Amino acid sequence: MRILNLTPHALTFISANNNMERYIVEPSGIVARVAAHTENIGNITTDDGFTIPVTQTVFGEVENLPAPETGTIYVVSSMVAGRVPDRKDVYIPNESIRDDKGRIIGCLSLGKI
């Protein structure tokens, strides 16, 4: 099975057994994203007169997700995967592994949304 990483980061899969074997999938150079734009929906003024805009992010269509291809799966962000729930070939990195500082260093599996 060909795995195409459509995120901007290398994906490190860590074996669940005790040998900590790793499999790395480098970014493909294509990044699937959900289009978004920000709309101003009002303002909040503090007691001392400072005005803070209130905005709302409006999400649109998925961009840069290739059409299904036999023998290929696509790894994308959770947001992208959530927008295409019927795609059987779209996965997310799942079961994150973190280091002692809380940084993600890999994952155990591929997931579906």
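**Exercise 1. State in which loop N64 lies, and describe its phi angle.**

Solution. N64 is found in the loop between β5 (51-63) and β6 (72-75), where strands are DSSP runs of E with at least two residues, numbered from the N terminus. The model is predicted, so local features need pLDDT of at least 70, side-chain atom pairs count only at pLDDT 80 or more, and totals for chains, interfaces and linings use all residues. Residues are numbered from 1 along each chain as its sequence is written, and side-chain values use heavy atoms, with hydrogens and water left out. Next, consider the angle: N64 is not a glycine, yet its phi is positive, about 65°. Most residues other than glycine have a negative phi.

**Exercise 2. Locate E95 and explain why it is classed as buried, partly exposed or exposed.**

Solution. First, E95 belongs to strand β7. Second, its phi is positive, about 55°, although E95 is not a glycine. Third, the classes are set by relative accessible area, found with a 1.4 Å probe and protein chains only: buried is under 20%, exposed is over 50%, and partly exposed is in between. E95 has a relative accessible area of 45% and is therefore partly exposed.

**Exercise 3. Describe the largest pocket by its volume and its lining.**

Solution. On a 1 Å grid over the protein atoms alone, a pocket is an open set of points with protein on both sides within 12 Å along at least five of seven lines, and lining residues have an atom within 4 Å of a point. A volume is the space filled by probe spheres set on the points, which are joined across faces, edges and corners.

1. The volume of the largest pocket is about 340 Å³.
2. Its lining has 18 residues, and T7, H9, A10, L11 and P93 lie nearest the centre.
3. Two or more lining residues come from each of β2 (11-14), β7 (90-98) and β8 (104-111).
4. β8 gives the most, with four residues.
5. By class, the lining has 11 nonpolar residues (Ala, Val, Leu, Ile, Met, Phe, Trp, Tyr, Cys and Pro), one charged (Asp, Glu, Lys and Arg) and six polar (the others, Gly among them).

**Exercise 4. Which residues line the largest cavity, and how do they divide by class?**

Solution. A cavity is a set of points where a 1.4 Å probe fits but cannot get out. The whole structure holds one cavity of 30 Å³ or more, and the largest has a volume of about 40 Å³. The residues A81, V84, P85, R87, V90, K112 and I113 line it. Five are nonpolar, none is polar and two are charged.
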